[in-house]
Amino acid sequence: MNKITNHLPTEELQAIDAAHHMHPFTAGGQLALRGARVITAAKGVTLTDSEGTEILDGMAGLWCVNIGYGREELADVAARQMRELPYYNTFFMTTHVPAIALSQKLAELAPDNLNQVFFAAGGSEANDTNIRLVRTYWTEKGKPSKQVIISRHNAYHGSSVGSASLGGMSAMHAQGGLPIPGIEYIDQPHWYAEGGEMNPQEFGLERARQLEAKIAELGEENVAAFIAEPVQGAGGVIIPPESYWPEIQRICDAHEILLIADEVITGFGRTGNWFGSETFAIRPDIMTIAKGLSSGYAPIGGSMVSDEVAEVMAGCEFNHGYTYSGHPVAAAVALENLRIMQEEKLVEKVQDVTAPYLKQKWEALGDHPFVGEARISGMMASLALTPDKGARAPFAAPSGTLGYMCRDRCFANKLIMRHVGDRMVIAPPLVITKSEIDTLIERATRSLDEAYAQAVADGLMVAG
Ligand SMILES: *Cc1c(COP(=O)(O)O)cnc(C)c1O
């Protein structure tokens with residue numbers, strides 16, 4: 001088959017890219033200087049760049065290509081659906097077969113009481129839906145004062161005005177006049193960085209109880225919902241202490257507020273179950289989904305809502321929706337993705353075989369002199385780099401200096417591992433095999449060794 005990919009020389013592609021393409025989360029000046037890496041093809045867990053270099057994608061794109069690259073079945077379904085019905089909307093009492101079939105499949109896969117989905121084109125849009133949904137829900141229930149949503153510092157819920165406000169990323173709030181009113185924040189359950197002298201379980205309880213204190217401070221009659229990622233992803237793969245989620249669930253049960261689990265990353269097998277809510281025994285009223293829903297092959301997301309929420313919302317016309325809510329091609333691709341995941345028992349394989357294998361090897365990286373902590377949940381994992389293992393100490397150098405250095409070594413060693421400050425994170429495609437895990441660990445170890453040697457040579461192994 002003829003390739004669509006433009007095969008201009010890399011430098012020309014980079015120059016055109018720098019001249020005309022504004023990148024997300026990228027410093028434009030840096031990009032123009034260094035040139036973006038041009039990815040031209042991918043198969044399984046392996047990316048190919050415009051120089052022909054093959055790179056192991058330890059991040060599944062942006063935490064989304066759960067099923068791996070190059071699945072012909074998804075391409076075929078997309079082409080067939082485009083020929084049959086490329087577009088129609090789901091507004092004003094119309095629908096189409098792909099959206100019907102996908103919503104039925106999602107109701108089957110999601111926890112018991114979540115049986116309806118409001119579609120969006122991604123996670124940010126779905127969380128924007130959630131802001132309006134929970135506020136409208138309480139208004140419909142005759143409690144219009146319940147409008148405040150409680151979130152967490154360092155949460156990531158998307159990049160639109162609404163969803164970035166819902167998130168707790170200070171660098172994002174600093175640009176464009178965020179957050180919008182009516183969002184409040186509690187601290188994150190990040191024991192390694194913020195736990196001080198407390199043990200993890202005490203700390204988990206302390207952080208969960210901030211929710212109860214915040215509800216009391218705001219007045220329960222003013223609080224609509226609490227939103228959280230079961231495991232913080234973009235914040236640095238922060239896996240909460242075991243005590244955290246049961247206490248959050250207790251607080252949500254004791255108070256009349258909705259619980260929104262943002263499962264955009266943790267959904268669709270990432271933590272070894274279909275949803276992170278199962279892994280952490282959470283009973284959400286609303287679940288945000290995207291990313292792994294289509295394995296990134298088409299842009300689609302949504303909000304899954306409980307029977308109770310659906311029933312209340314059915315009482316009004318929700319003046320909300322996106323042109324591409326339930327887009328037929330994206331829905332057909334997502335449905336095929338889920339069909340393959342079920343047929344190949346991908347989630348079971350992660351749970352029983354590959355996640356335990358990765359866990360054993362990943363946790364061994366915790367012995368490296370550069371690493372203060374190695375944590376993993378299913379197929380998402382993090383390392384905290386440190387100048388002083390015993391003390392969980394941060395570096396004196398600005399946050400991210402050492403993480404960036406390590407990430408650069410990973411690139412050089414043909415591994416995509418992302419850094420969040422001085423934490424290194426991975427979330428590989430769920431189809432990764434044991435031998436590919438061996439390769440990932442080999443390359444990660446080599447990169448840690450090299451970055452550590454450089455940090456020592458540069459005098460950067462100093463606690464701040
Ligand atoms: C990526 C992400 C989002 C935003 O999804 P987009 O599809 O980029 O809009 C929301 N929540 C979480 C937890 C995410 O990781």
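**Terms and values**

Author: Among the elements lining the second largest pocket, strand E4 supplies the largest share, 5 residues. The model is predicted, so local features need pLDDT of at least 70 and side-chain atom pairs pLDDT 80 or more, while totals for chains, interfaces and linings use all residues. Residues are numbered from 1 along each chain as its sequence is written, and side-chain values use heavy atoms, with hydrogens and water left out.

Reader: What makes a residue part of the lining of a pocket?

Author: On a 1 Å grid over the protein atoms alone, a pocket is an open set of points with protein on both sides within 12 Å along at least five of seven lines, and a lining residue has an atom within 4 Å of a point. In the second largest pocket 29 residues qualify, and Thr 90, Val 117, Phe 118, Phe 318 and His 320 lie nearest its centre. The volume of this pocket is about 890 Å³; a volume is the space filled by probe spheres set on the grid points, which are joined across faces, edges and corners.

Reader: How are the residues of that lining divided by class?

Author: There are 15 nonpolar, 13 polar and 1 charged. Ala, Val, Leu, Ile, Met, Phe, Trp, Tyr, Cys and Pro count as nonpolar, Asp, Glu, Lys and Arg as charged, and the others, Gly among them, as polar.

Reader: What makes the space lined by Pro 189, His 190 and Trp 191, among others, a cavity?

Author: A cavity is a set of points where a 1.4 Å probe fits but cannot get out. The search of the whole structure finds 1 cavity of 30 Å³ or more, and the largest cavity has a volume of about 60 Å³. Its lining also includes Tyr 192, Glu 373, Arg 375 and Arg 423. Helix H9 (191-194) and strand E11 (371-377) each supply at least two residues of this lining. Helices (H or I, at least four residues) and strands (E, at least two) are DSSP runs, numbered from the N terminus.

Reader: Why is H4 called roughly antiparallel to H14?

Author: Helix H4 (residues 72-84) and helix H14 (residues 328-343) pack at an angle of about 150 degrees, with their axes 9 Å apart. Angles over 145 degrees count as roughly antiparallel, under 35 as roughly parallel, 65 to 115 as roughly perpendicular and the rest as oblique. The angle is therefore in the range that makes H4 roughly antiparallel to H14. Axes are lines fitted to C-alpha atoms, for helices over the stretch in contact, and angles run from 0 to 180 degrees between N-to-C directions. Contact means heavy atoms within 4.5 Å; Leu 74 and Val 77 of H4 and Ala 332 and Val 333 of H14 are among the residues that make it.

Reader: How do you know that H15 is roughly parallel to H17?

Author: Helix H15 (residues 346-364) and helix H17 (residues 434-457) pack at an angle of about 20 degrees, with their axes 10 Å apart. That value makes H15 roughly parallel to H17. Among the residues in contact are Tyr 357 and Trp 362 of H15 and Ile 437 and Leu 440 of H17. By class, the contact has 7 nonpolar, 1 polar and 3 charged residues.

Reader: Which peptide bond is cis?

Author: The bond joining Leu 178 and Pro 179 is cis, with omega about -5 degrees. Pro 179 is in the loop between helix H8 (170-173) and strand E6 (183-186).
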